[in-house]
Amino acid sequence: MKCIVGLGNVGKRYECTRHNIGFEVIDYLLAQHRMKLDKQKFRGAYTIERIGDEKVMFIEPLTLMNLSGEAVGPLMDYYNVEIEDLLVLYDDLDLAQGQVRLRQKGSAGGHNGMKSIIKALGTSDFKRIRIGIDRPTNGMSVPDYVLQRFSEGEMETMQPVIEYVADAVEAFMSSETFENVMTHYNGAVK
């Protein structure tokens with residue numbers, strides 16, 4: 001079973017913020033497949049559906065971002081999801097807005113949600129898609145910046161990015177090798 005995790009913070013106050021771009025992609029995918037997160041367990045909202053020949057679990061942790069592993073680890077254990085079937089979607093300050101990076105493994109890169117997942121799983125050897133949100137340029141603190149909503153103009157840029165990342169996830173779910181998905185989807189959204 002494939003496991004697709006979008007990172008974000010739960011609640012109205014965090015909707016459409018930079019830190020919630022992982023949730024945005026999951027929500028888009030769910031809408032495309034006419035699904036919803038209809039289960040809750042281990043501090044995670046999730047659903048398990050069959051897409052094509054593959055069973056897929058979509059997860060949005062119900063914890064705050066910094067505790068994401070407290071939902072992801074137990075859900076993966078409970079459903080016996082293999083680490084090679086995990087794909088995590090999250091925001092990245094070190095990538096320009098509109099940039100997308102797919103990796104087979106890697107460090108948390110300072111992202112607290114990823115640190116929590118790595119700690120819970122005991123490994124950083126899992127697939128991820130980093131979605132560029134840029135760094136603040138106006139002297140704003142990083143926490144304030146990532147918890148700020150995208151402006152209307154930024155959302156015009158980010159909506160195609162959300163769709164692009166969703167297409168990459170679809171390719172992964174269709175059992176295409178992740179190497180092929182990386183080759184096709186790494187880079188700037190056009």
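Guide: Let's start with strand pairing: two strands pair if DSSP finds at least two bridges between them. Strands (E, at least two residues) and helices (H or I, at least four) are DSSP runs, numbered from the N terminus. Here β1 and β5 pair in the parallel sense, over 4 bridges, and Val5 stands opposite Val88 in β5.

Visitor: What should I know about the model itself?

Guide: It's a predicted model: local features need pLDDT of at least 70 and side-chain atom pairs count only at pLDDT 80 or more, while totals for chains, interfaces and linings use all residues. Residues are numbered from 1 along each chain as its sequence is written, and side-chain values use heavy atoms, with hydrogens and water left out.

Visitor: In what order do the strands of the open sheet come?

Guide: Its 8 strands follow the order β2-β3-β4-β1-β5-β7-β6-β8, and the pairing is mixed. At the edges sit β2 (39-41) and β8 (187-188), each pairing on one side only. Helix α2 (residues 69-78) packs on this sheet and touches β1, β2, β3, β4 and β5; its direction makes about 155° with that of β4. Contact is heavy atoms within 4.5 Å; axes are lines fitted to C-alpha atoms, for helices over the stretch in contact, and angles run from 0 to 180 degrees between N-to-C directions.

Visitor: How do β2 and β3 run, and how many bridges join them?

Guide: They run antiparallel, joined by 3 bridges. Lys39, for one, stands opposite Tyr46 in β3. For a parallel case, take β5 and β7, which pair over 6 bridges, with Leu89 having Ile129 as its bridge partner in β7.

Visitor: How many residues of β5 are buried?

Guide: 7 of its 7, so to speak a mostly covered strand. Buried means under 20% relative accessible area, exposed over 50%, and partly exposed in between (1.4 Å probe, protein chains only). Ser68 is found in the loop between β4 and α2. Leaving aside neighbours within four places in sequence, Ser68 is in contact with Leu7, Pro61, Thr63, Gly113, Ser116 and Ile117.

Visitor: Which residues of α1 are buried?

Guide: Ile21, Gly22, Phe23, Glu24, Val25, Ile26, Leu29 and Leu30. Their cover includes β1, β3 (44-51), β4, β5 (86-92), β7 (127-132) and α5. Just after α1, Arg34 takes a positive phi of about 55°.

Visitor: How many residues does the largest nonpolar core have?

Guide: First the idea: in soluble globular proteins, nonpolar side chains tend to be buried together. A nonpolar core is a set of buried Ala, Val, Leu, Ile, Met, Phe, Trp, Tyr and Cys residues joined through side-chain atoms within 4.5 Å. The largest one here has 36 residues, and those with the most contacts inside it are Ile4, Phe58, Leu89, Leu102, Ile129, Val165 and Val169. Two or more residues each come from α1, β4, β5, β6 (99-103), β7, α4 (142-146), α5 and α6 (178-185). The largest share, 11 residues, comes from α5. Not counting residues up to four places away in sequence, Phe58 touches several residues, including Ile4, Ile26, Leu29, Met35 and Met173. Another core, of 20 residues, lies apart from that one; among its members are Met57, Val72, Leu75 and Ile117.

Visitor: How many salt bridges are there?

Guide: Side chains of opposite charge can pair when their charged atoms come close. The rule for a salt bridge is a side-chain nitrogen of Lys or Arg within 4 Å of a carboxyl oxygen of Asp or Glu, and the count comes to 7. In one of them, Lys2 and Glu54 meet at 3.9 Å, N to O. This pair links distant parts of the chain, 52 residues apart: Lys2 is in strand β1 (residues 2-6) and Glu54 in strand β4 (residues 54-61). Both residues, Lys2 and Glu54, are buried.

Visitor: How far apart are the closest N and O atoms of Arg18 and Glu154?

Guide: 2.7 Å, in another salt bridge. Arg18 lies in the loop between β1 and α1 (21-32) and Glu154 in helix α5 (residues 152-173), so this pair ties together parts that are 136 residues apart in sequence. Arg18 and Glu154 are both buried.

Visitor: And Lys39 and Asp38: at what N to O distance do their side chains meet?

Guide: At 3.3 Å, again in a salt bridge. Lys39 is partly exposed, with a relative accessible area of 31%, and Asp38 is partly exposed as well, at 46%.
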